[in-house]
Amino acid sequence: VATLSGVPGGQFDVSLNGKWLIVSRQALDAFDFQLNGSSGNTMTRTRPTRQVHVWELATGKKVGSFDAGAGVWQLWFGVDETAWGLMRDGPKGPYAVRRWEVPSGKLLLDSPARVSVDGAFAVSPDGRTMVATDWRSTRRWDLTTGRALDPETEPRPDGWARFSAHG
């Protein structure tokens, strides 16, 4: 077990081969508000940032960072050691799906699909299909064309979405 210093908190994942750690920091905003006419009340909220940071776990060193292009709400490694993210700038609306080479941060996919994910989601091992659930439906998406592959279906009651190893 190693301790890495300077790693921000937020969304993170470790590559399947154990070589890389990716992290997208969550920013904390504080703002004042009035409650029943009294001021001086402070409320905080977190919001995603656009930066993704990359550490090499063997050395414990940060090897780079890249701009994800929008707020990173989810971040994970695919089976091919590329990084995936669900992105959006505001608190509402559909997510963009992006994929990057690690550690360079080279954008490999900016899918035209805009998916609603308020529940579970999964990307197929070949990176071409995504299944996403929200409170009202489950849909499969072609990530290269951005089109839904089938009509909306009932949401999965257990909140899980998975692909088999063969997709």
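## A bridge to start from

R99 has L109 in strand 9 as its bridge partner. Strands here are DSSP runs (E, at least two residues), and helices are too (H or I, at least four residues), with numbering from the N terminus. Two strands pair if DSSP finds at least two bridges between them.

This is a predicted model: local features need pLDDT of at least 70, side-chain atom pairs count only at pLDDT 80 or more, and totals for chains, interfaces and linings use all residues. Residues are numbered from 1 along each chain as its sequence is written, and side-chain values use heavy atoms, with hydrogens and water left out.

## The chain as a whole

The protein chain has 12 strands and 0 helices. Read from the N terminus, its elements run β-β-β-β-β-β-β-β-β-β-β-β.

The protein chain has 167 residues, and 38% of them count as buried. Buried means under 20% relative accessible area, exposed means over 50%, and partly exposed lies in between (1.4 Å probe, protein chains only). The chain exposes about 9800 Å². Carbon and sulfur atoms supply 50% of that area. The areas come from the Shrake-Rupley method with a 1.4 Å probe; for residues, only the protein chains shown count as cover.

Contact means heavy atoms within 4.5 Å. Among contacts in the protein chain with a separation of 6 or more, 33% join residues 24 or more positions apart.

Strand 7 covers residues 83-87. It is largely enclosed by the rest of the structure, because 5 of its 5 residues are buried. In a regular strand the side chains alternate between the two faces of the sheet. Here A83, G85 and M87 point one way, and W84 and L86 point the other way.

Strand 7 pairs with strand 6 in the antiparallel sense, over 5 bridges. In that pairing, V72 has M87 as its bridge partner. E81 sits in the loop between strand 6 and strand 7. E81 has a positive phi of about 70°, although it is not a glycine.

Strand 7 also pairs with strand 8, again antiparallel and over 5 bridges. Here L86 stands opposite V97 in strand 8.

Strand 8 spans residues 95-100. With 6 of its 6 residues buried, strand 8 is largely enclosed by the rest of the structure. Y95, V97 and R99 point one way from it. A96, R98 and W100 point the other way.

Strand 8 and strand 9 run antiparallel and are joined by 5 bridges. Their hairpin has 6 residues between the strands, and G105 in this hairpin takes a positive phi near 80°. The loop between the two strands also holds P103. The peptide bond from V102 to P103 is cis, with omega near 15°.

## Three residues to look at

S111 is found in strand 9. S111 is buried, at 0% relative accessible area. Not counting residues up to four places away in sequence, S111 touches V97 and L143.

S24 belongs to strand 2, residues 20-35. S24 is also buried, with a relative accessible area of 0%. S24 and S65 are 41 residues apart in sequence, yet 9.5 Å apart in space, C-alpha to C-alpha.

R140 lies in strand 12, residues 138-142. R140 counts as partly exposed, at 36% relative accessibility. Beyond its neighbours within four places in sequence, R140 has contacts that include T129, M130, R147 and D150. R140 and A122 are 18 residues apart in sequence and 9.6 Å apart in space, C-alpha to C-alpha.

## The largest pocket

A pocket is found on a 1 Å grid over the protein atoms alone. It is an open set of points where a 1.4 Å probe fits, with protein on both sides within 12 Å along at least five of seven lines; lining residues have an atom within 4 Å of a point. Points are joined across faces, edges and corners, and the volume is the space filled by probe spheres set on them.

The largest pocket has a volume of about 370 Å³. Its lining has 22 residues. W76, V79, A122, V123 and S124 lie nearest its centre. Strand 6 (72-77) and strand 10 (121-123) are the elements that give two or more residues to this lining. Strand 10 supplies the largest share, 3 residues.

The lining residues divide into 13 nonpolar, 5 polar and 4 charged. Ala, Val, Leu, Ile, Met, Phe, Trp, Tyr, Cys and Pro count as nonpolar, Asp, Glu, Lys and Arg as charged, and the others, Gly among them, as polar.
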